[in-house]
Amino acid sequence: MARVQRARIRTAGLQPAQILAGLVSLAYLVFGIVGFTRTGFADFIGRNDATVLGFSVNPLYNLGFVLLGAIGLLLTFGSGRSRVFGLLTFVAFGALFVWGLMIAGTVSSNPVSQAGNPFNLNGPDNWVHLGLAALGLVIAFLPARHKVLLPEDEDETVVTDRADSATVVEPVPDGSRRPKHEKSPAVAREERPPGLAH
């Protein structure tokens with residue numbers, strides 16, 4: 001008798017989003033730590049002439065990179081969590097990009113002018129933030145690798161109807177399962193005594 005098997009689709013092993021999120025998180029962590037070696041911890045939100053790879057940094061900016069890198073490393077242990085990290089990166093750097101545009105005067109009205117420039121942002125930083133926001137979207141929507149799992153071939157399945165009885169279920173050619181004590185409608189019709197209404 002043919003047995004119909006139902007396949008299940010599951011994510012397979014380490015996902016590309018996890019690998020990319022892990023590498024990006026390490027890069028953020030290293031960037032933030034190197035930034036602290038250049039700026040120290042004094043004048044936390046002030047203007048600083050220190051640069052890392054040509055980009056202006058200050059202690060608050062470095063702290064943001066260190067925190068984002070640490071959070072990213074914690075979130076790389078699951079495919080869904082890695083995607084959450086991607087969205088978090090997109091939101092964080094998207095906001096910094098918009099804020100940087102307002103500080104640089106690209107946007108005519110600056111609603112955050114009273115807040116000043118606590119992250120020490122400049123023109124080149126804006127384009128890096130745009131690129132990092134796009135990278136966050138890539139992490140969030142990177143396709144997952146899947147595998148198909150087939151159920152193990154079992155001889156019989158026991159389904160308990162009541163606490164004191166068990167019914168053995170066997171496959172029927174039409175693909176559904178029916179307990180042995182229940183007969184198919186065609187068999188039940190043939191076994192009815194004559195004279196009973198059908």
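Analyst: Leu-29 sits in helix H1. Helices here are DSSP runs of H or I with at least four residues; strands are E runs with at least two, and both are numbered from the N terminus. The model is predicted, so local features need pLDDT of at least 70 and side-chain atom pairs count only at pLDDT 80 or more, while totals for chains, interfaces and linings use all residues. Residue numbers start from 1 along each chain as its sequence is written, and side-chain values use heavy atoms, with hydrogens and water left out.

Leu-29 and Gly-72 are separated by 43 residues in sequence, yet their C-alpha atoms are 9.3 Å apart. Setting aside residues up to four places away in sequence, Leu-29 touches Phe-65, Val-66, Gly-69, Ala-70 and Leu-73. Contact means heavy atoms within 4.5 Å.

Now Phe-36, also in H1. Its relative accessible area is 15%, so Phe-36 is buried. The cut-offs are under 20% relative accessible area for buried, over 50% for exposed and partly exposed in between, with a 1.4 Å probe and protein chains only. Phe-36 and Pro-59 lie 23 residues apart in sequence and 6.3 Å apart from C-alpha to C-alpha. Neighbours within four places aside, Phe-36 contacts Phe-41, Pro-59, Asn-62, Leu-63 and Val-66.

Next, the span of H1. Just after H1, Gly-40 has a positive phi of about 70°.

An unreviewed UniProt entry annotates residues 20-40, 60-77, 84-107 and 127-144 as "transmembrane region". UniProt positions follow the numbering used here, feature names are shortened, and such annotations may be inferred rather than shown by experiment. Residues 20-40 are 95% helix and 0% strand, with end C-alpha atoms 29 Å apart. Residues 127-144 are 83% helix and 0% strand, and their end C-alpha atoms are also 29 Å apart.

On to the aromatic pairs. The structure holds 9 of them. Rings of Phe, Tyr and Trp (its six-membered ring) pair if their centres lie within 6.5 Å; planes under 30 degrees apart count as stacked, over 60 as edge-to-face and the rest as tilted. Tyr-28 and Phe-85 have ring centres 6.4 Å apart and planes at 55°, so this pair is tilted. It links distant parts of the chain: Tyr-28 in H1 (residues 16-39) and Phe-85 in H3 (residues 79-104), 57 residues apart. Tyr-28 and Phe-85 are both buried.

Phe-31 and Phe-65 form another tilted pair, because their ring centres are 4.7 Å apart and their planes are at 50°. Phe-31 is in H1 and Phe-65 in H2 (residues 59-75), so this pair ties together parts 34 residues apart in sequence. Phe-31 is buried at 14% relative accessible area. Phe-65 is buried at 6%. Ring pairs join Tyr-28, Phe-31, Tyr-61, Phe-65, Phe-85 and Phe-93 into a cluster.

The nonpolar core comes next. A core is a set of buried Ala, Val, Leu, Ile, Met, Phe, Trp, Tyr and Cys residues joined through side-chain atoms within 4.5 Å. The largest core has 17 residues, and those with the most contacts inside it are Tyr-28, Phe-31, Val-57, Tyr-61, Phe-65, Phe-85 and Phe-93. H1, H2, H3 and helix H4 (123-141) each supply at least two residues of this core. H1 gives the most, with 4 residues.

Pro-59, Tyr-61, Asn-62, Phe-65, Val-66, Leu-68, Gly-69 and Gly-72 are buried in H2. The buried residues of H2 pack against H1, E3, H3 and H4. Beyond its neighbours within four places in sequence, Tyr-61 contacts Phe-31, Ser-56, Leu-96, Phe-119, Leu-121 and His-129.

Ser-56 belongs to strand E3 (residues 55-56). Ser-56 is buried at 11% relative accessibility. Residues up to four places away aside, Ser-56 touches Ala-50, Thr-51, Tyr-61, Asn-120, Asn-122 and Asp-125.

Asn-120 lies in the loop between H3 and H4. Asn-120 is buried at 1% relative accessibility. Most residues other than glycine have a negative phi. The phi of Asn-120 is near 60°, a positive value in a residue other than glycine.
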